[in-house]
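Subject: Structure handover

Hello,

Here is the structure for you to look over. My notes follow below it.

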Amino acid sequence: MVLRSVLTSFFLLFLFPFPAALSHPSKTNTRNPVHLAARSYDVPVKGGMVRVRLAEGDYVLSDEEVLDWVRRCALAVNSYYGEFPVKRLNLNIRNGRGNSVRGGVTYQYQPPFINIMVGAFATPETLLDDWVLTHEMTHLGFPTVDDNHDWMEEGMATYIEPWERMRVGIQSREDVWRELVTNLPKGQPGNGDQGLSNTKTWGRTYWGGALFYFVADVEIRKQSRNKYGLEDAMRAIVAKGGTIPYDWEPIQICEAADKTLGLHVMTKLYQQMSSKPVEVDLNAMWKQLGVVVDGNGQVSFNDRAPLAAVRRGIEKKS
Ligand SMILES: [Zn+2]
């Protein structure tokens, strides 16, 4: 989720009352929550620095386990973008009840700001399973668009995050394909749909947007004979300054990618899918890519499928 620049400096001061790292007693992961005061750390990642502020509260997790999670999510994002999309990120970790990670929001601010909640009973396993922080960090590597085009922001983070986590070994390629086969149909246009930019439902925003980027990924690879993929489009946009603090027009984003890659994929797809309902023949795409999911959810691959090389390109770390 992305919010435009609604934060005042007062609010930021409230969230970041201690600009320097605070010392605090180390603790072991006993599985019994320990009450800790607010503290903050500067975590270097390739291409940038993340200032992590942990709110006062009860934690089963040690700070080092939380920081490992932050590093792992940044590594996942970097596997797609080459390096962290922004030089600085302020990451505020709230403390809550329960054992989950939830409520992630990325704010369009300079430097960008992510707010996320970690439950008092969350464990290292919770953090390994978590996709939310990777999703939020992926938002950093994309400009902010007008609310009508939320699908451009949410779709890209929804489609890219699973590949990022696959590329750093957190989940298998089978898991990612199964998820796409299961969820992409939720993004197809329904009755009365008027295109992605005019239909603000959850399904069209997240999975309809993901559908756009999935088709773009396949098309970029087909047309470039697998020389480029969606990650090259994303890197091109970031290289031209298209990161979350900046407002861009959708067409400007598509052109930045297309021009760098010497293709006409994203602009054309945007023109087709933004203002008209476009049903994507997903069954035909799975067949062409050689992705087979049986009735039990078991995934297998057909390496003789016409676009099997494109499928492997999507999976591959570049
Ligand atoms: Zn999001």
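Helices α9 and α10 are roughly antiparallel to each other (over 145 degrees; under 35 counts as roughly parallel, 65 to 115 as roughly perpendicular, the rest as oblique). Their axes come within 8 Å and cross at roughly 150°. Axes here are lines fitted to C-alpha atoms, for helices over the stretch in contact, and angles run from 0 to 180 degrees between N-to-C directions. α9 covers residues 250-261 and α10 covers residues 266-273. Helices (H or I, at least four residues) and strands (E, at least two) are DSSP runs, numbered from the N terminus.

This is a predicted model: local features need pLDDT of at least 70, side-chain atom pairs count only at pLDDT 80 or more, and totals for chains, interfaces and linings use all residues. Residues are numbered from 1 along each chain as its sequence is written.

Back to the helix pair. α9 contributes P250, I251, C254, E255, A257 and D258 to the contact, and α10 contributes M266, T267 and Y270. Contact means C-beta atoms, placed from the backbone, within 7 Å. By class there are six nonpolar, one polar and two charged residues. Nonpolar is Ala, Val, Leu, Ile, Met, Phe, Trp, Tyr, Cys and Pro; charged is Asp, Glu, Lys and Arg; the others, Gly among them, are polar.

Next, the domains. The domain assignment, automatic or from a database, gives domain 1 (2-139) and domain 2 (147-315). Their C-alpha centres lie 27 Å apart. Domain 1 puts 22 residues into the contact and domain 2 puts in 17. On the domain 1 side, α2 (63-81) and α4 (132-139) are the elements that give two or more residues. α2 gives the most, with seven. That side of domain 1 divides into twelve nonpolar, nine polar and one charged.

α2 and α4 also pack on each other. Their axes are 9 Å apart, at an angle of about 50°. That makes α2 oblique to α4. From α2, W69, C73, A74, A76 and V77 meet L133, T134, M137 and T138 of α4. This contact has seven nonpolar, two polar and no charged residues.

α4 is mostly covered, with seven of its eight residues buried. Buried means 20 or more other C-beta atoms within 10 Å of a residue's own, exposed means 12 or fewer, and partly exposed is in between; C-beta atoms are placed from the backbone. The buried residues are L133, T134, H135, E136, M137, T138 and H139. They pack against β1 (2-3), α2, β7 (101-107), β8 (113-119) and α5 (150-167).

Now the backbone. Most residues other than glycine have a negative phi, and most peptide bonds are trans. Some spots here are worth a look. The peptide bond from Q110 to P111 is cis, with omega near 0°. P111 lies in the loop between β7 and β8. R225 has a positive phi of about 50°, and N226 has one of about 70°.

R225 is exposed, with 10 other C-beta atoms within 10 Å. N226 is partly exposed, with 16 C-beta neighbours inside 10 Å. S224 is in the loop between α7 (202-223) and α8 (230-239). S224 is partly exposed, with 16 other C-beta atoms within 10 Å. Leaving aside neighbours within four places in sequence, S224 is in contact with L261 and L263.

Best wishes

Methods
Two residues are in contact if their C-beta atoms, placed from the backbone, lie within 7 Å.
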